[in-house]
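Hi there,

Here is the structure I promised to pass on to you.

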Amino acid sequence: MTTTASPGHKVSSPGKQPSPQARAAARHYATVLALIATLGPFFYGFEGMVLNGAIKAVGSEFHLGELAKGVAGSAGIIGGLVGAVLAGRISDKIGRKTTLMWVGPFLAFEAICGVFSPMLGSYGYPFLLLCRVVGGIGFGAATTVAPGYVAEIAPADIRGRLIGFRQLSIILGLFFAGLIIPAVFYIVFTSFIPESPRYLVSVGRREEAEKILVKVTADPDPAARVEAIAATMGADGTAKMSVGQIWASQWRGLVLVGMAIAAFQQLTGINGVFFYSNTLFGAVGFTEAMALQQTLIITAFKIVGVVSGILLVDKVGRKRMLIYGGTLIFLSLAVVATVFTVAPIVDGKPDISSNPTLGFIAVAALCTFILGFTSSWGPIFSIVMGEMFPNQIRGGAMSLASGADFLVNFLVVLFFPYLIAWSPAGTYWIYCAFGVLAVIFTARYLHETTGTQLEDVDKVVSK
């Protein structure tokens, strides 16, 4: 594996390559580590679905209004914002592995304690909010740190697909809700993964970093790679910039690009489309009794999309995948918006159930939207966040980008019911416009990092 470093640093010889057996073993090991590191979103998605029953029970017992129920549902997003903002810098101080290990107890607290909230009388609702916030903190931390961890241990040529496991974890977690309470497995599994070699270099533990690099990349000259890593971390090889230092540095523009990409991921309309999915399916004859069939169809398209994205991202490239997927997203949104625009108005609301053709068009657009999102902006957002920032700012920059993601997610969830009550057609046209802006912004400002060693990212993003 050829490596590059700044002038004056040793690089490995182009003729010095690992054996095919060693390379295959390293890729297998890196894949296992990526699967473990990205299990956090799986467990949070799983437990969030389980706790929906507790939210409904508390709401029924105390006759909570829609706003109070909405607060309970979105409390996890608030917790996620807190976890995302704090986790990056915390992982710089105590390590990626240690931070991920602390995710498990937060998820376990929500899973175990949250289900008892309906039994606590007048304390049930505030206790449920606490559980949702605590679990959200764990999810936010996992969402921020896991992509960075995987990026720092993965071979460059398969880094994209390994980080992309996060989106698949979320989908499977939602689908398998109801089978087990799995947070304890995350605690156990993360205790066996090694620390990120980039973090080890940042704290001066170079020999340990070399050993791990050999295991995950089969690099025949790990000392040269460690030197290259250290060269991107300041004069002593251990520099990590604080958030304040990042804002005052040459990388401020790059961080703003990352935060904008995070915001656009939420503004593509993912929550809005699913909000009306029952209505769209109902228009083509799906009844409440057919909820399982509807879930299976949606999940099938999600899995096809995310698997396609994982398989293609290292070949097609991050930037092109976001542009292609974003184009499919805004075209699908335009179709849904058009359906609501031309649908007859009944009792002040558009009614597509009276026209089967409109219903089938809307469902088809929903399915293509799912394919577009889950193959691009869903998984590739995490991939881009994990690798677009240079080593010395990765922790703090990912906190800022993930924080923007959770903040915009919260605002979208908060305001969507008001927008949809104003005009379903207008709401989806707004999302369509954001989709167009997302594609234009990506084409203009995002740098392609496919196959780039993390130590060379600063050269790519400085062009």
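R206 counts as partly exposed because its relative accessibility is 28% (buried means under 20% relative accessible area, exposed over 50%, and partly exposed in between, with a 1.4 Å probe and protein chains only). E227 is partly exposed too, at a relative accessible area of 27%. The side chains of R206 and E227 meet in a salt bridge, with 3.1 Å from N to O; by salt bridge I mean a side-chain nitrogen of Lys or Arg within 4 Å of a carboxyl oxygen of Asp or Glu. This pair links distant parts of the chain, as R206 sits in helix α10 (residues 206-217) and E227 in helix α11 (residues 222-231), 21 residues apart. Helices (H or I, at least four residues) and strands (E, at least two) are DSSP runs, numbered from the N terminus.

Before you go further, please note that this is a predicted model, in which local features need pLDDT of at least 70 and side-chain atom pairs count only at pLDDT 80 or more, while totals for chains, interfaces and linings use all residues. Residues are numbered from 1 along each chain as its sequence is written, and side-chain values use heavy atoms, with hydrogens and water left out.

Now the overall picture. The protein has 22 helices and 2 strands, and 56% of its 463 residues count as buried. Among contacts between residues at least 6 apart in sequence, 83% join residues at least 24 apart, where contact means heavy atoms within 4.5 Å. The accessible surface comes to about 18700 Å², with 69% of it belonging to carbon and sulfur atoms; these areas come from the Shrake-Rupley method with a 1.4 Å probe, and for residues only the protein chains shown count as cover.

Back to the charged pairs. A search of the whole structure finds 11 salt bridges. One of them joins R27 and D157, whose closest N and O atoms are 2.6 Å apart. R27 lies in helix α1 (residues 20-37) and D157 in the loop between α5 (124-153) and α6 (159-163), so the pair ties together parts that are 130 residues apart in sequence. R27 is partly exposed, with a relative accessible area of 23%, and D157 is also partly exposed, at 33% relative accessibility.

Which residue does R394 meet in a salt bridge? The partner is E152, at 2.8 Å from N to O. Here again distant parts of the chain are linked: R394 is in helix α20 (residues 394-422) and E152 in helix α5, 242 residues apart. Both R394 and E152 are buried, and E152 has a relative accessible area of 0%. Leaving aside neighbours within four places in sequence, E152 is in contact with R96, S196, P197, R198, Y199, R394 and L454. Salt bridges that share partners join R89, D92, R96, E152 and R394 into one network.

R198 lies in helix α9 (residues 197-202) and counts as buried because its relative accessibility is 4%. Beyond its neighbours within four places in sequence, R198 touches E152, L213, R225, I229, M233, N391, Q453, L454 and E455. R198 and Q392 are 194 residues apart in sequence, while their C-alpha atoms are 9.7 Å apart in space.

Helix α13 is mostly covered, with 12 of its 16 residues buried, among them L254, V255, I261, F264 and L267. Just after α13, G269 takes a positive phi of about 100°.

Finally, the surface. L407, L411, L414, F415, Y418, L419, W422 and I430 make a nonpolar patch of about 760 Å². Patches are made of residues with over 30% relative accessible area and no salt bridge, with like charges joined within 9 Å and nonpolar side chains (Val, Leu, Ile, Met, Phe, Trp, Tyr) within 5 Å. Helix α20 gives the most to this patch, with 7 residues. L419 lies in α20 and counts as partly exposed, at 31% relative accessibility.

Best wishes
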